[in-house]
Amino acid sequence: MFIAPRVADEKDWLEGETGPWELIIGLEVHAQVASNAKLFSGAPTAFGAEPNTQVSLVDAGLPGMLPVVNEFCVEQAVRTGLGLNAKINKFSRFDRKNYFYVDLPQGYQISQFEHPVVGEGEIEITPEGGEPVTVGIERLHLEQDAGKSIHDLSPDETYVDLNRSGVALMEIVSKPDMRSAAEASAYVDALRQIVRALGTCDGDMEKGNLRADVNVSVRKPGGELGTRCEIKNVNSLRFIRQAIGYEARRHIEILEAGGEIDQETRLFDPNKGETRTMRSKEDAHDYRYFPDPDLLPLELSDDFIARIKADLPELPAARKARFMEQYGLPDYDAGVLTADKATGDYFEALASGRDAKIASNWMMGELFGRLNNDELGIDDSPVSADTLGGLIDRIADKTISGKIAKDVFAKMFAGEGTADAIIERDGLKQVTDMGAIEAMVDKVLADNPDQAEKAKENPKLLGFFVGQVMKQSQGKANPQAVNTLLRGKLGL
């Protein structure tokens with residue numbers, strides 16, 4: 001039996017009654033290809049259409065209808081393979097994967113078995129709080145999606161929606177290189193970032209456009225691989241972690257009680273936080289794969305591959321490294337700001353000619369906070385990078401204080417105009433006249449003589465006076481000037 005080469009760190013071992021166990025995880029991620037047409041027909045792929053309104057005769061499996069390969073979907077698969085540092089196979093072939101289900105009109109799924117379009121590759125991940133891990137990619141193959149069975153519209157009937165039937169999927173199969181739920185979650189997140197950056201999949205897990213089949217087994221540390229179970233169609237990073245945690249414990253309890261693990265396919269119930277049996281696990285021979293007689297093999301030229309490679313964008317890992325080097329950002333900031341292309345583009349526009357760390361702080365603090373509260377994406381932000389930059393400029397030139405800037409930003413987000421317009425309209429310009437500030441400082445000290453004497457012995461009381469001056473100035477006094485004057489007058 002194959003022995004997985006990597007042994008988990010002890011911190012990732014799971015303790016059972018008989019000692020530690022090691023978790024072995026492999027993932028099959030199904031990523032819907034970003035394409036306006038399906039893999040073998042010209043039917044549209046828009047999300048949310050009325051049931052059975054995006055179905056061609058090919059998708060419906062009507063007799064005599066012949067599939068035609070969508071070249072753009074092949075390009076998207078090759079593009080993804082290149083982004084995964086994977087081998088692009090110049091020869092690949094479509095096969096029929098035979099099984100019966102009501103939402104599979106043809107009675108088979110057109111997929112790739114022995115000859116996938118993309119071969120072995122790898123990506124590097126860094127789980128939260130952990131060290132970098134390299135996860136091997138076994139293959140990436142193209143296949144068509146099935147339709148959707150709907151069971152909750154009637155107690156006696158099942159409805160079938162074929163809108164999804166024939167939609168192009170990339171199945172990205174990892175090697176069993178992950179050793180914790182955190183690593184599996186980080187892997188899917190990294191994969192999602194890559195396909196988004198490449199424009200090959202929108203990565204929207206809520207819509208099911210990226211979902212994972214999670215293969216879980218346990219073994220004694222460094223021992224032979226155990227029997228695995230597959231958890232189908234998990235569509236969130238949180239659910240992936242929960243499903244793995246539950247399934248690992250289930251395996252350990254069965255094995256320590258002297259039982260055996262049945263190789264099977266299971267479903268994760270997010271409401272109960274547990275997995276349950278779906279069906280016994282099929283092997284390849286159960287599907288009776290054979291070459292699809294209606295489709296010629298794909299033969300890719302060097303020029304075809306080179307053209308796609310030349311058009312690849314900067315990938316998230318490379319962009320993160322550049323942000324750290326070029327802008328001096330810490331690892332965390334750079335990771336957040338390169339999580340997707342739109343966020344990275346916004347930051348680069350905002351940071352141009354400005355302090356990058358201040359730009360990062362405003363994005364990750366005020367901007368993201370407002371966007372999350374209103375459930376908006378960066379593309380839908382009512383405050384553009386240029387407009388937010390204008391606010392940061394007014395802080396930098398001391399027109400307003402950082403505290404007032406937050407109030408101005410709230411008004412900008414509400415659509416009240418630019419920073420300059422709001423500052424002018426509301427009379428928010430910072431008081432920098434040292435004479436005016438000194439007069440306010442003198443008044444506050446005169447009004448609080450006892451506190452002033454105590455402050456000379458206890459500098460911590462300085463904050464009280466700063467607050468009083470800022471209150472008197474309605475937040476407009478330059479805080480730095482206030483501090484300097486108070487320290488001088490109190491002899492601190």
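User: I'm starting from one side chain in this predicted model. Is Tyr 289 buried, partly exposed or exposed?

Analyst: Tyr 289 counts as partly exposed, with 21% relative accessibility. The cut-off matters here, because buried means under 20%.

User: Okay, on to the rings. How do I read an aromatic pair, and how many does the structure hold?

Analyst: Two numbers describe a pair of aromatic rings: the distance of the centres and the angle of the planes. This structure holds ten aromatic pairs. One of them joins Phe 113 and Tyr 289, which are stacked: their centres are 4.1 Å apart, and there are 5 degrees between the planes.

User: Where do Phe 113 and Tyr 289 lie, and what does the pair tie together?

Analyst: Both are in loops. Phe 113 belongs to the one between β5 (108–111) and β6 (121–125), and Tyr 289 to the one between β14 (274–280) and β15 (290–291), so the contact ties together parts 176 residues apart in sequence. Phe 113 is partly exposed too, at 29% relative accessible area.

Now try a tilted pair: Phe 323 with Phe 347, at 5.2 Å centre to centre and 45 degrees between the planes. This pair links distant parts of the chain, with Phe 323 in helix α5 (residues 316–327) and Phe 347 in helix α7 (residues 341–351), 24 residues apart.

User: And is Phe 323 buried or exposed? What about Phe 347, buried or exposed?

Analyst: Phe 323 is buried, with a relative accessible area of 0%. Phe 347 is buried as well, at 0% relative accessibility.

User: Which residues do ring pairs link into a cluster?

Analyst: The cluster consists of Tyr 99, Phe 113, Tyr 287 and Tyr 289. One of its members also has a charge over its ring: the charged end of Lys 97 sits 4.4 Å from the centre of Tyr 287. Elsewhere, Lys 220 lies over the face of Trp 21, at 4.2 Å from the ring centre.

User: Next, strands. What is the strand order in the open sheet of three strands?

Analyst: The order is β5-β4-β15, with antiparallel pairing. Each edge strand, β5 and β15, pairs on one side only. Take β4 (residues 95–98): its antiparallel pairing with β5 runs over four bridges. As an example, Asp 95 has Ser 111 in β5 as its bridge partner.

User: How much space lies in the second largest pocket, and which residues lie nearest its centre?

Analyst: The volume is about 1800 Å³. There are 47 lining residues, and Asp 189, Gln 193, Gly 335, Thr 338 and Ala 339 lie nearest the centre. The largest share, nine residues, comes from α2. By class, the lining has 21 nonpolar, 13 polar and 13 charged residues.

User: Last one: how many cavities of 30 Å³ or more are there, and what lines the largest?

Analyst: The largest cavity has about 30 Å³ of space, and its lining is made up of Lys 38, Phe 40, Ser 41, Val 58, Asp 59, Gln 144 and Gly 166. Sorted by class, that lining has two nonpolar, three polar and two charged residues. When you sort them yourself, remember that Gly counts as polar.

Key: Residues are numbered from 1 along each chain as its sequence is written. This is a predicted model: local features need pLDDT of at least 70, side-chain atom pairs count only at pLDDT 80 or more; totals for chains, interfaces and linings use all residues. Side-chain values use heavy atoms; hydrogens and water are left out. Rings of Phe, Tyr and Trp (its six-membered ring) pair if their centres lie within 6.5 Å; planes under 30 degrees apart count as stacked, over 60 as edge-to-face and the rest as tilted. Helices (H or I, at least four residues) and strands (E, at least two) are DSSP runs, numbered from the N terminus. Buried means under 20% relative accessible area, exposed over 50%, partly exposed in between (1.4 Å probe, protein chains only). A charge sits over a ring if NZ of Lys or CZ of Arg is within 6 Å of the ring centre and within 35 degrees of the ring normal. On a 1 Å grid over the protein atoms alone, a cavity is a set of points where a 1.4 Å probe fits but cannot get out, and a pocket is an open set with protein on both sides within 12 Å along at least five of seven lines; lining residues have an atom within 4 Å of a point. Grid points are joined across faces, edges and corners, and a volume is the space filled by probe spheres set on the points. Two strands pair if DSSP finds at least two bridges between them.
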